[in-house]
Amino acid sequence: MLHYSPMETTMSSAKKQDLPYKCENCPSRGEGIFCELSHNDLDDVSNHKVLNTYKKGQTLFVQGNPPYGMYCISNGNIKVTQVGEDGKEAIVRIASAGDVLGHRSLFTDQYYNATATAIDDCTVCFLDKKYIMKLVQSQPSVSVNLISKLGRDLGAAEHRISSFYQKNVRERLAELLLLLKESHGHKEGERYKLEIKLTREEMASIIGTASETLIRFMSELKQEGFISQEGKTIYIDDEKGLLDFANISY
Amino acid sequence: MERLSPDEMNIILDHVQPRDYGTMTEVIYEGQIPNVGYLIVDGTIDLYKRKKPFKALGVGQLIGVGELMNNHNFRYTAVIHPGTKVCILDRSTIFELLDEFRDDEVKKYFEHDCA
């Protein structure tokens, strides 16, 4: 007879790895789709999930493979990329703490149309499809939060498409820096430090240009005093100027 | 590592539809708790220990199920070959199978880690 006690085993395993084994202790608590669940329901999620750390470069799922669940990012950053028929890789978005991944494939039952790769060391929880579907049916707050998430994803995708048609590369770069400021910016005095380290290739891929072009425009933005750089860390020094430069108004 | 007999495989195949993997993929990383377990229906999964090839697993073999159900870290990196067909055994599915086949021999395979 099998006697599984997921709670105990999860706790002992997680303590060894010093991970936030319970959803209530998650660093991104308050930002996820399960945050409105009751204490007991959240405990049930904690008991069912699989908690892991992914090292930089490890993949959570791969384009073309079958989906089997949803990933909740506890901390760290993950890039979602698509490889076209020409073999070129494009970053379609950066997911970070509180975000979920793999949710769209769950509902469409299509194979993954993108690959998720850790940009830095990440802590990620996994919940299988059947369990998510059970939650969607029994917990209205989870359904509403998932629909809201899908809606925001769709809005972001539409904005990205229009940005590609309506803005030039300079404006798209300025816009990217402002978006990174919103998602990863940490205020330091009068400026914002971007708490994410993307390579020039990754940034170029996000705005759909060549690395050389991106480097040229980054230098321009630095000369204009909109941004500065210390080592690999980028700072937004003049948000207002960058907003004007990006041709957008928030 | 033990291999499920065709009859034992059929019990799982009756409940879980096999899925194809189109690209070579690291499905479990060494040191992680597997997100799901796998039953190989066709093709091969290679195990690596500290990036060195350790063993190739084939049809009828289960991977990661014991570790998943016991929250144990997997001791290898498992790499699935393109064209390999597997039954994906997540926690919910395994609990369902255990409920349904409480006295069946199949359940013993869900207890043990990948040796």
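Guide: Gladly! A search of the whole structure finds six cavities of 30 Å³ or more. This is a predicted model, in which local features need pLDDT of at least 70 and side-chain atom pairs count only at pLDDT 80 or more, while totals for chains, interfaces and linings use all residues. Residues are numbered from 1 along each chain as its sequence is written, chains are lettered from A and ligands numbered from 1 in the order in which they are written, and side-chain values use heavy atoms, with hydrogens and water left out.

Visitor: What makes a space a cavity?

Guide: On a 1 Å grid over the protein atoms alone, a cavity is a set of points where a 1.4 Å probe fits but cannot get out, and a lining residue has an atom within 4 Å of a point. Grid points are joined across faces, edges and corners, and the volume is the space filled by probe spheres set on the points.

Visitor: What about the second largest cavity, and which residues lie nearest its centre?

Guide: That cavity holds about 160 Å³. Among its 21 lining residues, Leu60(A), Tyr68(A), Tyr71(A), Glu26(B) and Val27(B) lie nearest the centre. Strands S1 (50–54) and S2 (59–61) of chain A and strand S2 (25–28) of chain B each give two or more residues, and S2(B) gives the most, with four. The lining divides into 14 nonpolar, six polar and one charged.

Visitor: Why is Glu202(A) called buried?

Guide: Buried means under 20% relative accessible area, exposed over 50%, and partly exposed in between (1.4 Å probe, protein chains only). Glu202(A) has 13%, so it is buried. This residue sits in helix H7 (residues 200–207) of chain A. Leaving aside neighbours within four places in sequence, Glu202(A) is in contact (heavy atoms within 4.5 Å) with Lys79(A), Ile91(A) and Lys197(A).

Visitor: Arg50(B) and Asn71(B) next: is Arg50(B) buried or exposed, and is Asn71(B) buried or exposed?

Guide: At 69% relative accessible area, Arg50(B) is exposed, while Asn71(B), at 5%, is buried. Arg50(B) has a positive phi of about 45° although it is not a glycine, and it lies in the loop between strands S4 (45–49) and S5 (52–57) of chain B. Asn71(B), also not a glycine, has a positive phi near 55° and is found in the loop between helix H2 (65–70) and strand S7 (77–80) of chain B.

Visitor: How do you know that the radius of gyration of chain A agrees with a compact globule?

Guide: The radius is taken over C-alpha atoms, and the globule rule is 2.2 Å times the number of residues to the power 0.38. With 250 residues a compact globule would have a value near 18 Å; chain A has 20 Å, so the two agree.

Definitions and conventions. 1 Å grid on protein atoms, 1.4 Å probe; cavity = no way out; pocket = protein on both sides within 12 Å on 5 of 7 lines; lining within 4 Å. Nonpolar A, V, L, I, M, F, W, Y, C, P; charged D, E, K, R; others polar.
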